[in-house]
Structures are given as structure tokens and as C-alpha cells.
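Reader: I want to learn to read the features of a model like this. Can we go through a few, one by one?
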Amino acid sequence: MDFESYDVLVVGGGLAGLRAAIAAVEANPRVRVGMVSKVYPMRSHTVSAEGGAAAVMRPEDSYETHAFDTIKGSDYLADQEVVEAFVREAPVEIIQMEHWGCPWSRDPDGKISVRPFGGMTTWRTCFAADKSGFHMLHTVFQTSLKYPQIARHDEAFVTKLLIEDSRCVGVVALDIRTGRFDAITAKSVILATGGLGRVYAFTTNGNICTGDGMALAYRAGVGLKDMEMVQFHPTGLPFTGILITEAVRGEGGYLLNNEGERFLKRYVPNKMELGPRDIISRAMITEFEAGRGFDGPHGKYMHLDVRHLGEKMIDRKLPFMRELGREFVGIDIVKDPIPVRPVQHYMMGGVDADISGVTPILGLYAAGECANVGLNGGNRLGSNSLSECLVFGAAAGRHAAQYASTAKPVSANPVDAMLWDEARRVESGYLEKKDGHERMGAIREEMQREMDAGAGVFRTKEGLAKLIRQLGGLRERFERVKIEDSSRTFNTELLAALELDFMLEVSQTIAVSALAREESRGAHARRDFPERDDAKFLQHTLAFRRESARPRLEYRDVHITNFQPQARTY
Amino acid sequence: MPDKRITIRATRYDPDRDEKPRLQSYDIPFYDESMVVLDALNYIKSDIDGSLSYRWSCRMGICGSCGMMVNGTPKLTCNAFLRDYWPGAITVQPLNNFPLIRDLVIDMDDFMHKLKSIKPWIIRKQELPLGAGEHHQTNEQIDDFRQFSECINCMLCYAACPVYGLNNEFLGPAAIALARRYNLDSRDQGLKQRLPVIGDAEAIWECSFVGECSVVCPKGVDPARSQTSAEGISLAHAGELVDAQAPLLPICGARVHGAAAGDLAAVASL
């Protein structure tokens, strides 16, 4: 049987994946790159990023400050040499995006503007109004169209990594339109599949953020790193979870409780609205518990107030926020405060990868939100993730291209059998299964509710232990899931089942990793262990899959170079 | 509102089984004033009929996946509110003017090819090396192309375009707007490379200036303006036309086509 075959295969068409694909081609123009994405690339969730991309762009700024801000923001769980390399590469990538046409907002002199952002000591967040992710994604996607070496497989869903002799040699993908399973072979594979926000009920993430790449790597034997580190953004719209950008506070917006008080003075007095996300989200929940939140039909909320900024400034720098307020809340943010509450937003944890995206499996790379290269530690600073996608997407692309140019060709023989086995697994497990009776929507919603309750902003031993039990029960129910749709054509119910399978897998690693980390660090706040414990936990958690058992955990020391851990106050 | 309900009629079509599309009716609870048509579809899929197929992701009007015909008008279903239709029923159909794959899922390969054909990337005679830093560009220069850069490729304009409905060779509103986005970017020097495509007889000259594309655009892009202006810029840059403004009048596409076809040959040969 013939397979599509590439030198480098990128899984995921968001900012990291597209950047990786272009970097691979630019590193070696003879490299043939394939890209598999379950959606058209411009639908990828990068599109929803709003505030901007951090980089040292001004003479008064320095690499050292950006590195220190990031490491302190991470609550000292970042690997410091990774951060130090990142801050040097980020400005180059911002310029590269500029050359590719990104409509960065500009200062009056025509230079790329920067704005303040949470946890950053100076202005260093480059932005394209408040649609930075949208513009960056479309810029890099449209730019990718000029490279004939990049071949796309849009709307194809990867169900399995092909591993032969401990080496990754491609993927099995379900072509969504036809229902056909294909083996796509490659000398190297880059996972760039984004986050997993949909394991929670209340999330900023789009429907497609289901942890696919993390689950694929985990099943292939790669450890998932720091999965307990889940970011809750302070300002999501109640009910929908739609993100209200941190740039609203960067541009001077106030966060107010039901007494009209800028309550952050009790939590981050020196930073106020520009404190880091983990601390502000905890502050909001604490205020809610003290009775100082507003009560609404969709739970408690705070006011995010930009009325004092004026219409002109809002229209120039936050036009999308005004549009979201008008369309989704029925308010004009020029005249009305915005209702907001903490919402799952980003996954610091992910596929264990190094500074070049290299994972422990030969030929397998990871970049962007699905990876954990050691940049974000316990808490990512806002606007570091778009830059992360560029810097580490490019690094993985270059490295994968280089590896591919020396790697042995992939032999078709075992691939044929692996494709057959995988297609049979999905067909017999889902499409041909007649005895299923559990409603998929019910399992998914219960998982999301349990994750909100057990692995939210604050955690406890009891809550996490219960969550692990519940997830185990949901896994059993999932074995009896009923698929009503037997069509081969655009079967989104099958797709949702495969995604739910992945989500149940990664949820368990979050819960188990969180239970074991008996301290509070970054986004991981344990009510029963409220202090950071550097003696025991200045370490990354690594979760490995075991058949029919909870994940096995290992720990690995954090790399410290120039910044010794100190108390984290703002 | 404990017992408020609403009727959703959705197109069902499975090419493996059905000869042609049909409408299926679902009666669902309208349990929250904030509910949108996409929430209604998700309710149906999760609680009534798991086989209903449609695309969606961001549910905040930026990814562009969830465009459908809602009571005959192209809309992003993530911001089409049930309260604006209730107590009436809502009919949800796939976007007009596209081949149908399944239920509410259209085939947009044609647009993906057209997008590539307009070379939607910065073209420079000489690339600036990265070490040379950024191009300077003022916010006013960005304003020249800003609105065209806001296109989310949601395809609502193609569904509304009467010309595309008759002739899918027509380049169409979004692709023309995106060509314009690059042509108007002060960093770009690719106009001449794009002219053969946007000046082609099946491109802007087919536009009949109905302006429906601009009416339905959820992002305030004005593709109709891009088409009138694109002609202007292509003709003006050709520098060989005595009366470049004449064809810009919003008149019927056939007349523009007839009047300007010869001139365009000159443009294309630049």
C-alpha cells in the first residue's frame, strides 16, 4: 500500500505548527513538509488570542528582566536556560512576523508598539489591537501558502502515532470528510496541537482544544510534564467563558468588587491589576467567598471597568472587546463595566520536550501549548505564549528538518499492519459497536463539571481524590458509549468520541499530578498545603501512562541558572 | 422562564444515504436568554441526536467556522441569538452557493484555492534581512488596509453573493478583499503579481455591486468597497488608461465587464 510520506510532518495548524512548518522549509528547502490539522489552519485556537506577544523591543528593556519576570511568574518552576534562550529569540520572531505582514499596532514614529501586561515589569507586549492571535495566525497561515514544499491535510484527525523500533515514523489519521484512515509517514513528527481547555466546563478555549497531542504522546510512552499547572485567567465572561483580554487591564482597566473597591490592593499592592494571573484569580475567588462578588444568573462575578479610558482609546486599542461586549453581553464597555470571573484558559503542562522540542522518542517533537519545554513552569505570564509558539515552533521545525535529512527512510512494511490495526480499533470500538448505551454528551459534561469542581483554582486532597475516582468511573462508562452516527462522511460524533477519549486520558494526569504535589506553587493552589515547598517540590512532575492503572509519577529537578528562588510577592 | 421552548429546523443530509437534503425539526428548551443558535445545535447534538453535523470552535465570532443560513440569512451561529427569533421557529441550513458535504457542513475547497491564487503574503522586490529590523509603518498606513485584514474567512459573503451563486469561477468578495489587504500594505510590492488574478475577467469585473457581501460581513469588512477600489487601483497602476474612474460607477457587472475587458488585457500584460 502507498502512503503519503514526508520528511517532516506537523500535527496541528495553529501558530506553533505553521511556524514549525515554515522553519523546516527555510532550514532546508529540499525538505518536504506535511501538515495534518483537524480544522482548516485559520480556525485554530491561536485565533482567539487577544492581548499580544512579549519580546524585548525597547532599549530600556533587557533580556535579563524579561527572563526574571518569566521565572518569577513561573513560581520558579521554569527551566531557566530555556527562559534565557527564549527571551533572546522572541524579538527576532516579532520582527519576522512583521516582515511577513503582521499588522502590529504602531507608535507614532512607525515602530511596533508595546503595551504593559501582567507580571511584566516593563512594557514589552507587542500587539495587533486586541486581535493579536487572529492577525498572527492569519499572517503566518497566508505566508505558509507561498511554500510549495508544504502540503496540507486539512480536516484530518490523528488517532495514533506510528512508533517503530522506538522511533516515531508518522501517524494514522482519520480523513474527516471521507471517514478513511490513512497512514502518513514521516522521518520526524512535530506535535503542535494546542491546549486541552475543553476538559473543563468553564473555559476560554474553543471546542477543538481537547488535548489531542498530549494524549497521543502519552499513549506512545512520553511523560506529560507538570500537568497540575492549569492556568485560570481572571477575566472570562460569565456563561460563555469568552476571554476578555488582560490588555484591558494593561491599558488601565480596573477590577472592582461589589463595594466598588479595587480589591487587588490586598493581594498584589505593587502591581494591582497588572499582577500575574494565578494570584489575581485566587484573589477573585477569595473575594467571592468573603461575599464581595456580584451575584448573577451565571454565578458570581467582578466588574472590569474601562469607562475612564474613553471611547477613543477603547476603539483604538480594544475594539474587539467593545464588539464582544456589545454582541455577547449586550453592553457598551465605553459606558458599562464588564462582568468577569476566573476561567480556565491555558495549560502550562504538556508533552515533555526540551528547548528544541525534542521528546524522549526519536523523531518526535512538540511545540506550543501542547508541549512543556520548561518555559512557563507553574504560571505563564500573559503574552508569553504567542511568543512561545513562534520561538519553539521555529526551533522544533529547524531541528526536525535537520534530523530528517540524516534519518533512515521509513519502511512501509510494519506501517501497513499498524494502519490496519488502528483502523480496526476505531471501527470496532466505535462505529460497529452495537451494545453501547451511555450518552457521550452526558459523560463529557460530567467530566467537565468534575474537573471544574476538583481541579479548579483551589484544590484539596479530598477534592482531587474524589475527582480521580469520578474520572475512573467516567472512563468505565466511556467503554460503553453509544455512537448514533454510523456515517463515514464528516462524522463529528465519532470525532467527538475520539476527542473525549483523549480528554479523559489527560484529565487523569492533571488530577493525579495535582494530588501528589503537596504544596502551593504557581497556579497549583492547595488549601491543605498553602505554602510553596522548595525543599520537596522544586521539581517537575512527569506522568507516565500505565495500562489499567493510574499514571506513574516521576520527578525531575528544575534547572536553575542565575535566579535563585525567592518569595514571590508583587 | 422554566418551560420556554423553541423549534429548530436543521438541514439533514448524508450523501451515503440521502438523495437530497431535508429539514428535520427539533423542539428544544430555551433555558437561557444568552443562548445562540450554536448552543441550540449543541443541545440537539448532545441530548437529542448525536449525528447532526456542523463545524464550530471558538464560539466568539473570530474562528469563522460556524457560518450557516439562519432563516435564510448567512450568519455566524455563535452570535445569532435565539431571543431575536423566539417565539418563531429557526431554520438552520448550510451556507448557500457551496457544495454540501453533510448536514450543515459545506465544501470550501474552492475558497482555499482562490485564497492561495491571490498570493496572500508580502511580496518584496528585495527581502529586508531580519537583522535590518522592522519596516516602519504608521497607524494611518495600517488604516489603509486594516478593514480588509479583519476577514475571518467565514464564507458568509460568498453565501450572500448573487454573482458567486451564478458563477463560482468568480473570485469572490473575501479573496478580493484579501488581495486588497496586501496591495494596500505599505510593506508590499506585489501588486503586479496579483493583478493578473484580480484583474481577470472572472475576478472583480464580475462583481455586480449589489453589496450583499458587505451587509452580511460579521467583521465590518466592506468587500464591495474593495472591489470597486481594486479596480481603481489596478487601473490606476496600469497607468495606461485615460479614464480610470469611469468603470468604478456602481453599475451592472456585465457592462463593466464589457467596457473594460480590453483595458484589462493591457493591465494583465504589465
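This is a predicted model: local features need pLDDT of at least 70, side-chain atom pairs count only at pLDDT 80 or more; totals for chains, interfaces and linings use all residues.

Reader: How many residues of domain 1 of chain A are in contact with domain 2 of chain A?

Author: From domain 1 of chain A, 27 residues take part, against 26 residues of domain 2 of chain A. By class, the domain 1 side has 10 nonpolar, 12 polar and five charged residues.

Reader: Is helix 7 of chain A enclosed or exposed?

Author: Count its buried residues. A residue is buried if 20 or more other C-beta atoms lie within 10 Å of its own. In helix 7 of chain A, 10 of the 13 residues pass, so the helix is largely enclosed by the rest of the structure. Among them are Arg277(A), Asp278(A) and Glu287(A), along with Ile279(A), Met284(A) and Phe288(A).

Reader: Which strands do the buried residues of helix 7 of chain A pack against?

Author: Strand 11 (230-236), strand 14 (299-305), strand 15 (338-347) and strand 20 (458-459), each of chain A. Just after the helix, Gly291(A) has a positive phi of about 85°.

Reader: What is the general rule for phi and for peptide bonds?

Author: Most residues other than glycine have a negative phi, and most peptide bonds are trans.

Reader: Which residues in chain B have a positive phi without being glycine?

Author: Arg59(B) is one, with phi of about 50°. Arg59(B) sits in the loop between helix 1 (37-48) and strand 3 (67-70) of chain B. With 25 other C-beta atoms within 10 Å, Arg59(B) is buried. Asp103(B) is another, with phi near 45°. Its loop lies between strand 6 (100-102) and strand 7 (105-106) of chain B. Asp103(B) has 26 C-beta neighbours inside 10 Å, so Asp103(B) counts as buried.

Reader: Is the peptide bond from Trp86(B) to Pro87(B) cis or trans?

Author: Read omega. For this bond omega is near 5°, and the bond is cis. Pro87(B) is in the loop between strand 4 (73-76) and strand 5 (90-93) of chain B.

Technical notes:
Residues are numbered from 1 along each chain as its sequence is written. Chains are lettered from A and ligands numbered from 1 in the order in which they are written. A residue is buried if 20 or more other C-beta atoms lie within 10 Å of its own, exposed if 12 or fewer, and partly exposed in between; C-beta atoms are placed from the backbone. Helices (H or I, at least four residues) and strands (E, at least two) are DSSP runs, numbered from the N terminus. Two residues are in contact if their C-beta atoms, placed from the backbone, lie within 7 Å. Ala, Val, Leu, Ile, Met, Phe, Trp, Tyr, Cys and Pro count as nonpolar, Asp, Glu, Lys and Arg as charged, and the others, Gly among them, as polar.
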